[in-house]
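This briefing is for a reader who is meeting the structure for the first time. Please look over the sequence and the model before reading on.

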Amino acid sequence: MAHTLVVINIFTKAYDDGIHANADTALENGKNPTGNVTVSGGTLVLYSNDDGMHADGKLTLSGGTVAITNSYEGVEGMSVLISGGEASIISRDDGINSTANNGTTVSIEGGKIYVYCTGDGIDSNGWLVINGGTVMAQACADSADAGIDADMGIHINGGTVI
């Protein structure tokens, strides 16, 4: 018999990361972790003194609502894919940050994303590709950072970017 877990609401207040997935240490069962985080539904309200959500691997938002009300970096992963859902992010550094430095490391295919931060709104260390969705990213006027920043380049093929 298959079991389905339905998550309605998650509220966290964390000194470190609100949600964190490692990929560097073998699990108790001997398996190697992927370090991936996937949010496909429900509501997450995250307050963190470090990352709101962190994935050593891929961080995917395909549905649901994520509200990061306090963080150092809002959403951070080796790569970040947003294909649906809604995210509002408040951060003291980058709102969305990829740590890999090759390939498409931030991809936005859909959803609604609102970022208010003092660093880069979206910071891709590789390519940033936006094919759909709505992105509103505001960096602090006093910083040298930008609403969107990508080391390898930015491709906007669709969607709305403000």
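The model is predicted. Its largest nonpolar core has 28 residues, and β4 supplies the largest share of them, six residues. A search for aromatic pairs across the whole structure finds zero.

**The nonpolar core**

- Within the largest nonpolar core, the residues that touch the most other members are Met53, Val66, Val75, Ile96 and Ile108.
- Two or more core residues come from each of these elements: β3 (37-48), β4 (51-70), β5 (73-82), β6 (86-91), β8 (104-108), β9 (112-117), β11 (127-130) and β12 (134-139).
- The largest share, six residues, belongs to β4.
- Leaving out residues up to four places away in sequence, Met53 touches Ile19, Val37, Val39, Leu46, Leu59, Val66, Ile68, Gly74, Val75 and Glu76.

**Strand β12 and its partners**

- The covered face of β12 carries Val135, Ala137 and Ala139, while Thr134, Met136 and Gln138 make up the uncovered face.
- β9 and β12 run parallel and are joined by six bridges.
- Opposite Ala137 of β12 stands Val115.
- β12 also runs parallel to strand β15 (residues 160-161), with two bridges between them.
- Thr134 has Thr160 of β15 as its bridge partner.

**Gln138, on the uncovered face of β12**

- Gln138 lies in strand β12 and is on the uncovered face of that strand.
- Gln138 counts as partly exposed because its relative accessibility is 46%, a value between the limits of 20% for buried and 50% for exposed.
- Not counting residues up to four places away in sequence, Gln138 touches Val115, Tyr116 and Cys117.
- From Gln138 to Ala55 there are 83 residues in sequence and 23 Å in space, C-alpha to C-alpha.

**Asn70 and Ser71**

- Asn70 is located in strand β4, whereas Ser71 belongs to the loop between β4 and β5.
- Asn70 is classed as buried because its relative accessible area is 17%, and buried means under 20%.
- Ser71 is also classed as buried, at 1% relative accessibility.
- The side chains of Asn70 and Arg92 form a polar contact of 3.4 Å.
- With neighbours within four places in sequence set aside, the contacts of Asn70 are Leu46, Tyr47, Ser48, Asn49, Ile90 and Arg92.
- With neighbours within four places in sequence set aside, the contacts of Ser71 are Ser48, Asp50, Asp51, Gly52, Ile90, Ser91 and Arg92.

**Tyr47 and Lys13**

- Tyr47 is one of the residues in contact with Asn70.
- Lys13 sits over the face of the Tyr47 ring, 5.0 Å from the ring centre.

**Val129**

- Val129 is buried, since its relative accessible area is 12%.
- Not counting residues up to four places away in sequence, Val129 touches Thr104, Val106, Ser107, Ile108, His155 and Asn157.
- Among these contacts is Ile108, which is one of the core residues that touch the most other members.
- Val129 and Ala26 are separated by 103 residues in sequence and by 33 Å in space, C-alpha to C-alpha.

Definitions and conventions
Residues numbered from 1 in each chain as written. Predicted model: local features only at pLDDT ≥ 70, side-chain atom pairs only at ≥ 80, totals over all residues. Heavy atoms only, no water. Core = buried A, V, L, I, M, F, W, Y, C linked by side-chain atoms within 4.5 Å. Buried < 20%, exposed > 50% of the residue type's maximum accessible area, 1.4 Å probe, protein only. Helix = DSSP H or I, 4+ residues; strand = E, 2+ residues; numbered from the N terminus. Contact = heavy atoms within 4.5 Å. Pairing = 2+ DSSP bridges. Polar contact = N/O pair within 3.5 Å; in protein donor to acceptor, adjacent residues only side chain to side chain. Phe/Tyr/Trp six-rings, centres within 6.5 Å; stacked < 30°, edge-to-face > 60°. Lys NZ or Arg CZ within 6 Å of the ring centre and 35° of its normal.
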